[in-house]
Amino acid sequence: MNERDKFLYPKSRYRGEFSPEHLVFNANIQEFAQKVNYICGLETNGKITPDEAYHRIKELWKQLKSSKKNLHIGEGDSDQNSESPNP
């Protein structure tokens, strides 16, 4: 990864309970957060409409949710956080 990519796509170290699945999901969460941040910036600066920003973030959320399901993260937990967040 070159210096520009390190600046544009920062990654933090994973400090949670280690498993390959948790590590991959953590990377997915970090990528989700970074993309949401860019979309918010575009919308704030008038480059995209609020509706377009909403739909882009909704699609990213679906991808993250699918990743969680495919990695079997949280199965067996009583956690109900797999639903989309309420505004």
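With which side chain does the side chain of Ser-67 make a polar contact?

The side chain of Ser-67 pairs with the side chain of Asn-28, in a polar contact at 2.5 Å. Ser-67 lies in helix 3, and because its relative accessibility is 13%, below the 20% cut-off, Ser-67 counts as buried. If we leave aside residues up to four places away in sequence, Ser-67 touches Phe-25 as well as Asn-28.

Phe-25 brings us to the largest nonpolar core, where it is one of ten residues, the others being Phe-32, Val-36, Ile-39, Ile-48, Ala-53, Leu-60, Leu-64, Leu-71 and Ile-73. Helix 2, covering 20–44, and helix 3, covering 50–70, each supply at least two residues of this core, and helix 2 gives the largest share, with four residues. As background, nonpolar side chains in soluble globular proteins tend to be buried together. Ile-73, also a member of this core, touches Glu-21, His-22, Phe-25 and Lys-68, again not counting residues up to four places away in sequence.

Let me finish with confidence. The mean pLDDT of the protein is 86, with 85% of its residues at 70 or more. Confidence is highest in helix 3, at a mean of 98, and lowest in helix 1, residues 3–8, at 76. Over residues 78–82, however, the pLDDT is below 50, and this stretch has three contacts in the model beyond near neighbours in sequence. Where pLDDT is low, the predicted coordinates should not be read in detail.

Technical notes:
Residues are numbered from 1 along each chain as its sequence is written. This is a predicted model: local features need pLDDT of at least 70, side-chain atom pairs count only at pLDDT 80 or more; totals for chains, interfaces and linings use all residues. Side-chain values use heavy atoms; hydrogens and water are left out. A nonpolar core is a set of buried Ala, Val, Leu, Ile, Met, Phe, Trp, Tyr and Cys residues joined through side-chain atoms within 4.5 Å. Buried means under 20% relative accessible area, exposed over 50%, partly exposed in between (1.4 Å probe, protein chains only). Contact means heavy atoms within 4.5 Å. A polar contact is a pair of N or O atoms within 3.5 Å; within protein, one must be able to donate a hydrogen and the other to accept it, and residues adjacent in sequence count only if both atoms are side-chain atoms. pLDDT is the predictor's confidence in each residue, from 0 to 100.
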